[in-house]
Amino acid sequence: MPNAVVTGAGQGIGRAIAHRLAADGFSVVVADLDETSAKRVAAEVDGTAVRCDVTDADSVRAVADDLDDLDVLVNNAGIYLFEKLADVTPESFRKVMDVNVLGTLLCMQALAKPLSHGAGGAVVNIASLSALMPVPGTGMYSPSKAAVRSLTALAALEYAPLGIRVNAVAPGRITTEGSAVRQSDPERERRTAALIPAGRVGDPSEVADVVAFLARADSRYMTGQTLLVDGGLTSGTIPYFQRAQSAE
């Protein structure tokens, strides 16, 4: 049975990824800073729960030491802080960058050895639409995800000799436990959905489907890529302005 490690899998997109990979026949290691959440999701997917702080090299190395081989690593753990750039402090800068960027790097470094066993493995990093279209008021989140996108391309080159493919998925507007707090106004959400070409906000399972594709041999000739899962939002800039003009 192939195996996979999914970080930040205790809720949201990570949980959906764990469920999808388990449905595809993977034995899933559910890694999360919140051990209670990790155990709950591991029970749901008949996987293994492990507490992991992705910003701590020793914590990540402990996960790697328990694995003889690995087929898929999904670097999903991430955080965001709502603040303007003028309000970003050295502490908040480090907090976001440590989890989103350093955590992704540490996991790839530590898990490269088990990933390179056999025919090689696949790494899927979770970036964001905001890596291409920065979102004001989200502090260092957009820059951190831009860094993840760049790190993905670099890792694809350096890990290719080991047979490891490295790609990223960049979700757009997705409803999760974290985003639901700021998306609690039904009318506002209706207007937001109308601006997305697909006509709706996305679901975590739709991100998980793309991750599953990148985890399979179907994508064996893909590496260094970032796939947008945004319902066409990135491509919808001109139609957005056209609708705004017609509303005047």
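This dialogue explains how to read several features of one predicted model.

Me: On what basis are the values given?

Reply: The model is predicted, so local features need pLDDT of at least 70 and side-chain atom pairs count only at pLDDT 80 or more, while totals for chains, interfaces and linings use all residues. Residues are numbered from 1 along each chain as its sequence is written, and side-chain values use heavy atoms, with hydrogens and water left out.

Me: How is a sheet described, and in what order do the strands stand here?

Reply: Helices (H or I, at least four residues) and strands (E, at least two) are DSSP runs, numbered from the N terminus. Two strands pair if DSSP finds at least two bridges between them. In this model seven strands make up an open sheet with parallel pairing, ordered S3-S2-S1-S4-S5-S6-S7. S3 and strand S7 (226–229) are the edge strands, each pairing on one side only. From one strand to the next, the twist averages 20°.

Me: How many bridges join strand S1 and strand S4?

Reply: Strand S1 (residues 3–7) pairs with strand S4 (residues 72–75) over three bridges, in the parallel sense. Opposite Val-5 stands Leu-73 in S4.

Me: Which strands does H2 lie across?

Reply: Axes are lines fitted to C-alpha atoms, for helices over the stretch in contact, and angles run from 0 to 180 degrees between N-to-C directions. Contact itself means heavy atoms within 4.5 Å. H2 lies across strand S2 (27–32) and S3, and runs at about 165° to S2.

Me: How do H3 and helix H4 pack, and what is the handedness of their crossing?

Reply: A crossing is left-handed if the near helix is turned anticlockwise from the far one by less than a right angle, and right-handed if clockwise. The axes of H3 and helix H4 (residues 90–116) are 9 Å apart and meet at an angle of about 35°; the crossing is right-handed. H3 contributes Ala-57, Val-60, Arg-61 and Ala-64 to the contact, and H4 contributes Leu-106, Cys-107, Ala-110 and Leu-111. Ala, Val, Leu, Ile, Met, Phe, Trp, Tyr, Cys and Pro count as nonpolar, Asp, Glu, Lys and Arg as charged, and the others, Gly among them, as polar. On that scheme the contact of H3 with H4 has seven nonpolar residues, no polar ones and one charged.

Me: Where is Ser-59, and what does this residue touch?

Reply: Ser-59 belongs to helix H3 (residues 57–65). Its relative accessible area is 14%, so Ser-59 is buried. Leaving aside residues up to four places away in sequence, Ser-59 touches Arg-51, Cys-52 and Asp-53.

Notes:
Buried < 20%, exposed > 50% of the residue type's maximum accessible area, 1.4 Å probe, protein only.
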